Amino acid sequence: MSIAQQPFNHDIRNRCSHFKSFENSFKTPPRDNTHVADTYNPHYMHMKMDVYSDRVDIAGDISTYAKVTSAQLDTIYLELNQAFSLDSIKLNDVLTTSYTFENSEIFIVLDTPLNQGDDFKINVCYHGAVDGMNLPRYGIYHWYKGIYKSHIAFSMSQPFGARHWFPIRQSLQYKIDSVYQEYTCPTGNMVGSNGVLEHITTNNDSTTTFHWKTRYPMAYYLIAFAVANYMEYNLYAKPTQLQGDSILIQNFIYNDPKCLNFYKDDIDISVDVMELYCEKFGLYPFYKEKYGACLTATYGGMEHQTMSNQPDFSFYLVQHEMAHQWFGNNITCATWSDIWLNEGLATYADFIAKKFLIGDDEAMEDIKGDQNSAMDAINGSVYIPEDEVYYGNKERIFSGVLTYDKGTCLIHQLRYLINNDDTFFGFLQHYTDTFRGQTITTDQFRDALEDYTGLDLHSYFEQWCYGQGYPTYSVACEQGEGGHAHFTITQTTCNTATPFFDLPLEIKVLYANEQGDSTFRMPITANTSYFDIQLPYQVDSVLIDPNHWIINKVGEVSVGIDELQNDLDLVVGPNPAQDYLQVHFKKTNTPMTIDIFDISGQLVQSHCLYQSGQHIDISQLPNAYYLIKATQGQATVSKKIMKI
Ligand SMILES: [Zn+2]
């Protein structure tokens, strides 16, 4: 399917920062990535940068230490926004002029090619101003937060925007082992960044330098800073794994008592969330450094490694960006096609945080919302086809409906398939440990899950992750003598790319006369499946997927009784009906109750008839299927009627 034909719902509900993109996705041609093939891996970066809270100007002095990974390297490739002035390039501390800088790309030609395994150092000095406001969701932004009279400037790189503030080869194929960042700003401001604030230097020229060091592997897009007139508000979490030791939660908020007063209660929840995640996902991956958040501005949050940017401390942002430290930062999608592994898991952490810190009902409301939203996407797969990943197609990569909502529902469905929460959470801990500091593809994730659970998940991933659309289920239940019930479950799908979903389906049977209910998990092996079950009581109604595990729509649900049992001689019609139903029955010496239920089992009308042949007005009911339940004395008969 071509991208231009693909409708996407961009309702992103103020999630991660990259959502509100204004770039025209369809004008940018697919990017030719051949010259960014993985020829070398940066393993250490030393970044020195002059930054200002009241403008986007920067001056950078960036050293990258790297190792050649291709057989030979004769040209070093970097990306940097063309609007910057390039002051100098040094190769192994020697100035070079053998480079080109065009179309935001730097090619440095080597006099002597390097060989696989060789180390080299490249240093780039540059300065200028590239306003992120003109590159929606990229580069460096300046914002003025009037209520706190605070200017702020901050970076945003995901997925292809690092080049708008520092020279880098933007590839997910490597992680940088460690990064040392020195940010110099006018004295009075503070700069937040990745890792540990090693020290602060006061300079002679009314500037201050903040030295941040991180020694955990990090993807290029997670390097970040934010500068403003900040103050620190620090907390400590004590996960059980550290046996009394603690993790620093270092927040940079505006230096105004009003700001702390306003956010304090919300920030304090960070401790509970951190301790919960450590329990459920394994110890915080960067516990030797810190976790934190810088108050920035607008457009949601961004999970920079060990220091998120957040416009506020809403529960959603606190737990979502923190969850990314496990899912996205510790383990990073290997390609942007696999971004659902970052966002689907971090969004499922929303559900987990709500379930364990707030309540089951609130958590279920989240999932139901995600499921409904996921059904907005009839077309498009959760896994993003390679030809849909290119600069300028950020909206597809961060599709709220597919990457986030359907992505998180896929995790919910996997939890349903696993059907054991000890195993589910056990896997998450195994996963965050096994793939620590690495990247992961969708297939690797599937294989790891298969290995851990023993389940065969190939068809699940084919249908739900690489496939498109969702199923609509219909159920017909006919109950005969002795409680024997025959179920017919039919499935249709909304996209021919995926004509069948083989996920088992839960069916809840509610018994007549309030005699309770039973829930069955039916294996689904074909578009029409049949089951015979012995039930203890008469079936009153049937619910499909009552516990909201599966993205699905409900088609037709009917409960009937074998005609031989219809000793009332009930005739209800017409069927389909428009404005009225006429009800005929045999015995006329006893009144008959007619209850009308909608397909969700809700009683919508109730009538008491004293003679056969009476009309019931149904003109006000929405067009749909209804279950007509007739009761006369001890006898009950159900009929399915369609209102058109
Ligand atoms: Zn996110």
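Q: Why is N103 called exposed?
A: Because N103 has 7 other C-beta atoms within 10 Å. N103 sits in the loop between β6 (99–102) and β7 (105–115); strands here are DSSP runs of E with at least two residues, helices are runs of H or I with at least four, and both are numbered from the N terminus. Please keep in mind that this is a predicted model, where local features need pLDDT of at least 70, side-chain atom pairs count only at pLDDT 80 or more, and totals for chains, interfaces and linings use all residues. Residue numbers start from 1 along each chain as its sequence is written.

Q: What makes G480 partly exposed?
A: G480 has 13 C-beta neighbours inside 10 Å, so it falls in the partly exposed class. Its place is the loop between β22 (471–479) and β23 (484–493). Although G480 and G560 are 80 residues apart in sequence, their C-alpha atoms are 9.0 Å apart in space.

Q: What is the phi of D545, and what is that of N513?
A: Phi is near 50° for D545 and near 60° for N513. Each value is positive in a residue other than glycine. Most residues other than glycine have a negative phi, and most peptide bonds are trans. The peptide bond from Q158 to P159 is cis, with omega near 0°.

Q: Why do β32 and β35 stand at the edges of their sheet?
A: This is an open sheet of four antiparallel strands in the order β32-β31-β34-β35. β32 (603–609) and β35 (635–643) each have a single partner strand, so one side of each is left without a neighbour in the sheet. Neighbouring strands are turned by 20° against each other on average, direction ignored.

Q: How do you know that β34 and β35 pair?
A: Two strands pair if DSSP finds at least two bridges between them. β34 (residues 624–632) and β35 are joined over nine bridges, in the antiparallel sense, so they qualify. One of the bridge partners in β35 is I641, which faces Y626 in that pairing.

Q: Which residues have the most contacts inside the largest nonpolar core?
A: They are V51, F154, V227, M274, Y277 and V475, in a core of 159 residues. Such a core is a set of buried Ala, Val, Leu, Ile, Met, Phe, Trp, Tyr and Cys residues joined through C-beta atoms within 7 Å. Helix α3 (residues 339–357) gives the most to this core, with 10 residues.

How values were computed. Buried ≥ 20, exposed ≤ 12 C-beta atoms within 10 Å, placed from the backbone. Axes fitted to C-alpha atoms, helices over the stretch in contact; angles between N-to-C directions.
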